[in-house]
Amino acid sequence: MEFLRPATWEEALAVKAQHPSAVPIAGGTDVMVDLNFDRHRPDALLDLNRIHELHTWQIADDDTVRLGASVPYSKIIDALPDRLPGLALGARTVGSPQIRNRGSVGGNLGGASPAGDAHPPLLASGATVEAASVRGTRLIPIDDFYLGVKRNALEPDELIRAIHIPSATGPQQFAKVGTRNAMVIAVCSFAVALHPRARDVRTGIGSAAPTPRRASEAEAFIRAELDDTGLWTSAGELPLSTAKRFGELVARAAAPIDDVRGSAAYRRHALAVMARRTLLWTWNDHRATGRAAA
Amino acid sequence: MSPQTTPWIGAAAARVDGPVKVTGTAIYTGDVALPELAHAVLVQSTIAKGRITDMDIAAAETAPGVLAVCTSDGSLGIGRVASYYSADNGPMGDGRTPLSDAVIHHHGQHIAMVVAQTLEEAVAGAERIRTRYRHQSPLVRIEDAIPQTPPGREDIVRGDLTTGLAVADVTVEAYYETPPQHMNPMEPCTTTAHWVGDRLTVYDSTQYVSGVRDALASAFGVPPANVRVLSGFVGGGFGSKGTVWPHVLLAAAAARLVDRPVRLALTRPQMFTSCGTRPATRQRIVLGAHRDGRLTAIGHDGTSATSPGENVVESTGGLTSILYACPNVTIRQRIVRLDMQAPTFQRAPGRAPGSFALESALDELAHELRMDPVELRLRNHADADPSSGRPWSGKHLRECYRVGAERFGWDPADRTPGTRREGDVLIGTGMASATHEMDPGPAAAYAELRVDGTAVIGVASHDIGTGTYTVLGQIAADVLGLPPERIIVRLGDTDLPEAPPSIGSQTVAYVGPAIRRACEAVRDDLLAAAVADPESPLYRREIGAIEFGPRTYVAELARIGEPSVSAVGHHHPDANSRYAVHSFGAHFAEVAVDALTGTVRVRRMVGAFDVGRVINPRTARSQLLGGMTFGLAQALMEATVIDPRRGHVVEPHLAGYHLPVNADIGTLDVLFVGEPDPHISDLGARGAGEIGVVGAAAAIANAVFHATGVRVRTLPITPDRVVAGSAVGG
């Protein structure tokens, strides 16, 4: 197995172009597990740890966070909880402190496991993946990024450079069911983000379909409900029946399987509960902030 | 006669091995550095049943650094071993010796071994081996097998169950299931073996150095005196290191083959197929009781899984015959043979799954009777051992209930399920009894007084993370009148006097008195010689009036010109005691159950235990906290998932096999009740290592029922099982 250690981003792209089968490794929290369990035996590893810029982030004029692919979860929790509250909440549930010090959103996206904790908040935020190769850079909307179980939209010569995530303009939540309180792979997870300026609600479902996915029907339903009832303007109470219906539609959007972590039926049930709860939490937060601002 | 020091027994002394462990300088088996050390790696079967038809090792043999490749052709010449656990069937659990034939009995059976200069080269060599099999469908589900009566095992029958049920006002019948569990101590099983001529030295992570020595001697046809087994530090065992498994013999065979020291360390995935399991159980309990709660009948049928050739019984009914006074009791144990590795004793064998069923059933009966479950247990308190009629050596179970309930804030009036709610969270409390039987083992120990004012004590026992080094030092300190820092404790070496295995919670109870005898002997020999010696300042003194301690020993040894004196002491516990010897306890648990997602969190637990004399409240408390945590894991998390078609462990790693993390453990409180046991030994200590597990899962399951009204009779109590049993739902 070759171990390639580019010193710069340009060099990394050149190496990736020469060795399209090389597996990028940053924190190694997924890649090393696969190697250890002999699930994967790449002929080359492409070590990105020397490339400093991947550990940095910038805030664009439009308040979008351009998050370097290797920024560890612990940094997101410490430095970006206000701009990226949903992602920070998801990051808190990743592995152990040691894993959070090494693991990154870039790695989560590269692995594209349906159980990755970063995916639901990225879907709910409407993130964009900045992929680059020697051929150039392209921005892949998160909705188009996940193609199948552990498959993503990257071309063989592409590397993830950064993730562009709009700063939150409203409350965001993340919830996850597991059989223990930490270091747990999600039985299923759910994220919701309110976008009051756009009068939009976006969602992300984890561990309950071949890919992370949005609950589009549920989003359309709640968008219409909030519009029709004038709740965005009135900031009134969200009827429990609406939240319940939202939960049912989220559950319907999932395509879970039975596995050792839980049954398909349980996953749908838990998703409905989490979706209902997180919607009410975010809406109540939104109302509270609205009142405070008024 | 009085010591120059204050008593150390009963002191909450800190672990003497703490500094070397937290600084990473403790030498475990895998750390032992030997010149020319080679490494062995095991290749394991990827089918669960069938035969190896072909194994291509050519590429492995020529791989860089590879010294030897051994296949399942019997050429290693390992002789038969009578494992001390199952006298007939040896470490393979089926009478075979490791790598002796092409028959596959379970997924993960060792089928080849590669020895190389480095671990990496051994792994790389092993990966080059190609194996073909003739595959047969394995039988791995307990439901698919036909229960058999274990050879030589009779049902336990007291009174008449049918009559007992006929006279009952209330009966409860329920069926409980527990999954296979794997021990997963922090340190995986590791063996380092080194031959010099026909003398073998083995460093092994084991709970029984003497058992390993005897097994190796018989496997390699050398006298036991030629084999030395060392095990200075053991990173947990929980039973997985209690018996002699094939890899231990293979490490020694590899060292003989390549004529170099060889280390063989099991990987974490291999720990799931190489060193036993707590087998799955299915249990049916029927209880009959009068309206006032007095039990009229207990029937406990337990079926547990074992391997094709091994007769291991998970004795789920073991505690049922002694825990409650009941005239009519029938306990039946059955086994089913599955195509899996032989099971073994995991911490609190039989009692851990057995207490889950029995103590859940008691709770079901209490609910039927609308009676406080504590009161139900008090009404059935066994004042003497109901199975033998013998008096207890010491029993303060009533006090355990009382003191535990008081500390916990147990409310006997609040027993209606599903009534305490905090938002979406349902709160419940539950309790259960605990007991653990002592199995007496004879032990010998060594003690030496040295002219520099220090002492050495030694015994072929072990510190498997339990505090043995610390506690035995405290026991010796009081006899010798030396502070523990002047006492060097040696363990884990077959050159030391023989002790029982560190299983069954017996080390302190039976090795402790042997240490006492050795220390008394060396002290009294020295003092007796002194009072008889006209040259000694102690000449003609009354021994009983001498203040003994370092000054006395140093002066006397210096005077007679001896660097040290030593003695061996023995403790032979009475195997036919007229007392029944058990530890007792009571668990109380409070859980918070998410009414909608079904997740269960244990907010707090209180355990009150009667373990006789507590030598060191700090280490004893840690043992019980560990036991309660073990029980919490059994209740909510632990389960080895076996693929029903292919027979492999689905997730043989700690990411998938869940043990509790710190965030899962709420407030755990341990209380000691009772007094020194006057009949077990003059030390008065009983076992504390396992009783913390017994009943803990039932207390949590009972609390879940109280919180939700859902009775989960299958472990672990996962969120989907709570939701499936719940009428609340979404």
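**The largest cavity**

Author: The lining of the largest cavity comprises 10 nonpolar, 10 polar and 1 charged residues. Here Ala, Val, Leu, Ile, Met, Phe, Trp, Tyr, Cys and Pro count as nonpolar, Asp, Glu, Lys and Arg as charged, and the others, Gly among them, as polar. The model is predicted: local features need pLDDT of at least 70 and side-chain atom pairs 80 or more, while totals for chains, interfaces and linings use all residues. Residues are numbered from 1 along each chain as its sequence is written, chains are lettered from A and ligands numbered from 1 in the order in which they are written, and side-chain values use heavy atoms, without hydrogens or water.

A cavity is a set of points on a 1 Å grid over the protein atoms alone where a 1.4 Å probe fits but cannot get out, and its lining residues have an atom within 4 Å of a point. By this rule there are 9 cavities of 30 Å³ or more. The volume of the largest cavity is about 210 Å³, counted as the space filled by probe spheres set on points joined across faces, edges and corners.

In the lining of this cavity there are 21 residues, and nearest its centre lie His182(B), Thr277(B), Met340(B), Gln341(B) and Ile642(B). At least two lining residues each come from helix 7 (271-274) and strand 15 (295-306) of chain B; helices (H or I, at least four residues) and strands (E, at least two) are DSSP runs numbered from the N terminus. Because domain 2 (32-136 + 186-236 + 241-274) and domain 3 (281-439 + 578-724) of chain B both give residues to the lining, the largest cavity lies between them. The domain bounds come from an automatic or database domain assignment.

How values were computed. 1 Å grid on protein atoms, 1.4 Å probe; cavity = no way out; pocket = protein on both sides within 12 Å on 5 of 7 lines; lining within 4 Å.
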